[in-house]
Amino acid sequence: MDLESVKKKRESALAELAAADNAAAIEAVRVRYLGRNGLIPALMKNLKNVAVAERPAVGREINAFKKTLSTHLRERQAAQTATRPPATASAESMFDSSLPGAWRQPGSRHPVNRVIEDVVDIFATLGFTVADGPDIETEHHNFDALNTPADHPSRDIQDTFWLDDRYLLRTQTSPVQIRVMERQKPPVRIIAPGRCYRRDATDATHSANFHQVEGLYVDQRVSLADLKGDIAYFARRLMGPDVKVRFRPHFFPFTEPSVEYDFSCHRCKGQGCRLCKNSGWIEISGAGMVHPQVFRAVGYDPECVCGYAFGMGIERIAMIKYGIEDIRLLYENDVRWLEQLIG
Ligand code: DAH
């Protein structure tokens with residue numbers, strides 16, 4: 001072995017590497033030259049047989065050979081990994097059952113949705129089906145057909161979000177009554193949950209965007225007694241068997257007679273507390289017997305049909321049921337608060 005022969009071996013090694021066109025061929029070059037039984041370790045071992053005078057130069061040449069080849073190998077291997085096609089291993093061989101699972105925070109229903117579901121479920125047991133209407137309504141559906149006088153204050157720009165002189169954001173779910181009766185013949189028994197909008201300044205009990213559920217039952221013989229019985233049944237299913245219901249005379253343009261109804265305060269059991277402002281009662285919503293003018297507006301004959309209607313505020317019920325004192329908490333959607341509330 002002399003300097004020249006080592007130099008030649010280096011050149012042929014580099015040529016072999018340049019010719020290697022896949023990962024296996026590159027690896028074969030590595031093993032042939034740098035492996036434990038490869039050429040370079042053999043040259044090292046042979047060094048002791050080289051004449052003493054030449055040994056340092058031959059030794060340096062072998063080291064240079066090793067270094068150059070290693071560097072070129074590393075570059076080729078890196079280039080090879082970068083261009084390698086995506087792994088084709090099967091999903092099963094990639095699955096590692098010892099890895100910790102991905103933790104997903106469990107979610108829960110929002111109190112507003114919970115109440116909507118509860119109300120819908122309870123009225124479904126009385127034969128009511130869910131109806132729907134648009135958030136953007138016509139003045140006709142939201143006011144005129146509901147027998148609301150042209151000069152009624154609720155139409156005022158201060159109370160209603162008008163989009164132009166005909167369209168508005170519905171201020172109540174009552175227009176769904178009109179839409180259903182326009183397209184369906186009696187009997188009608190619907191429940192209609194949805195968003196409503198009013199130009200209310202936001203405070204602890206008001207929000208410009210809130211939810212109502214509307215109910216409508218029209219048939220040949222529907223009376224105020226049906227309304228009272230169904231609302232009392234609803235109250236017991238929603239709040240528990242001890243709740244009492246109270247009806248008070250009221251006025252709505254679309255019902256005659258009209259009532260407002262209250263539930264006995266479930267927190268103090270009617271004794272008086274902060275939630276019920278010491279009255280023992282909590283106002284829930286309005287209801288009444290459908291006004292003949294409303295029937296006429298949808299083409300029903302008020303001599304042949306009668307019905308009751310009611311509308312209730314969902315947030316109000318959620319606040320009472322879950323003891324929430326500020327409506328704004330329902331819209332902040334702070335997950336920590338929601339978790340604590342519903343669990
Ligand atoms: N729409 C009424 C409101 O927003 C609530 C209401 C009262 C609905 C009486 C009705 C009803 O259907 O009969 O205050």
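**Before selecting**

This is a predicted model, in which local features need pLDDT of at least 70 and side-chain atom pairs count only at pLDDT 80 or more, while totals for chains, interfaces and linings use all residues. Residues are numbered from 1 along each chain as its sequence is written, and side-chain values use heavy atoms, with hydrogens and water left out. Helices (H or I, at least four residues) and strands (E, at least two) are DSSP runs, numbered from the N terminus.

**Stop 1: the sheet**

Select the seven strands of the open sheet, which follow the order β1-β4-β5-β9-β8-β7-β6 with mixed pairing; two strands pair if DSSP finds at least two bridges between them. At the edges are β1 (129-130) and β6 (245-252), each pairing on one side only. Next, display β5 with β9: these strands run antiparallel and are joined by eight bridges. Tyr217 stands opposite Tyr308 in β9.

**Stop 2: helices across the sheet**

Axes here are lines fitted to C-alpha atoms, for helices over the stretch in contact, and angles run from 0 to 180 degrees between N-to-C directions. Its buried residues include Val112, Val115, Ile116, Val119 and Phe123. Buried means under 20% relative accessible area, exposed over 50%, and partly exposed in between (1.4 Å probe, protein chains only).

Then select α8 (residues 175-183), which lies across β4, β5 and β9 at about 40° to β5. Among the buried residues of α8 are Val176, Ile178, Val180 and Met181. The cover over the buried residues of α8 includes β2 (136-138), α7 (139-142), β4, β5, α10 and β9.

**Stop 3: the cores**

Which residues have the most contacts inside the largest nonpolar core? Select Phe310 and Met312, which hold that place in a core of 43 residues. A nonpolar core is a set of buried Ala, Val, Leu, Ile, Met, Phe, Trp, Tyr and Cys residues joined through side-chain atoms within 4.5 Å. Elements that each supply at least two residues of this core include α6 (111-124), β5 (209-219), α9 (224-239) and β9 (306-313). The largest share, seven residues, comes from α6. Another core, of 20 residues, lies apart from it and has Ala145, Met181, Ile190 and Val290 among its members.

Centre on Met312 and show its contacts (heavy atoms within 4.5 Å). Leaving aside residues up to four places away in sequence, Met312 touches Phe123, Phe234, Tyr261, Ile284 and Ile317, among others.

**Stop 4: helix α1**

Move to α1 (residues 3-19) and colour its buried residues, Val6, Ala13 and Leu17. These residues lie on the same side of α1, because they cover an arc of only 35° around the axis; the arc is that of the directions from the helix axis to the C-beta atoms. On the other side of α1, Lys8, Glu11, Ala18 and Ala19 are exposed.

**Stop 5: two loop prolines**

Select Pro302, in the loop between α10 (292-297) and β9. At 22% relative accessibility, Pro302 counts as partly exposed. Beyond residues up to four places away in sequence, Pro302 touches Pro292, Phe295 and Arg296.

Finish at Pro149, in the loop between α7 and β3 (167-169). Pro149 is partly exposed, with a relative accessible area of 38%. Its contacts, not counting residues up to four places away in sequence, are Arg155 and Pro253.
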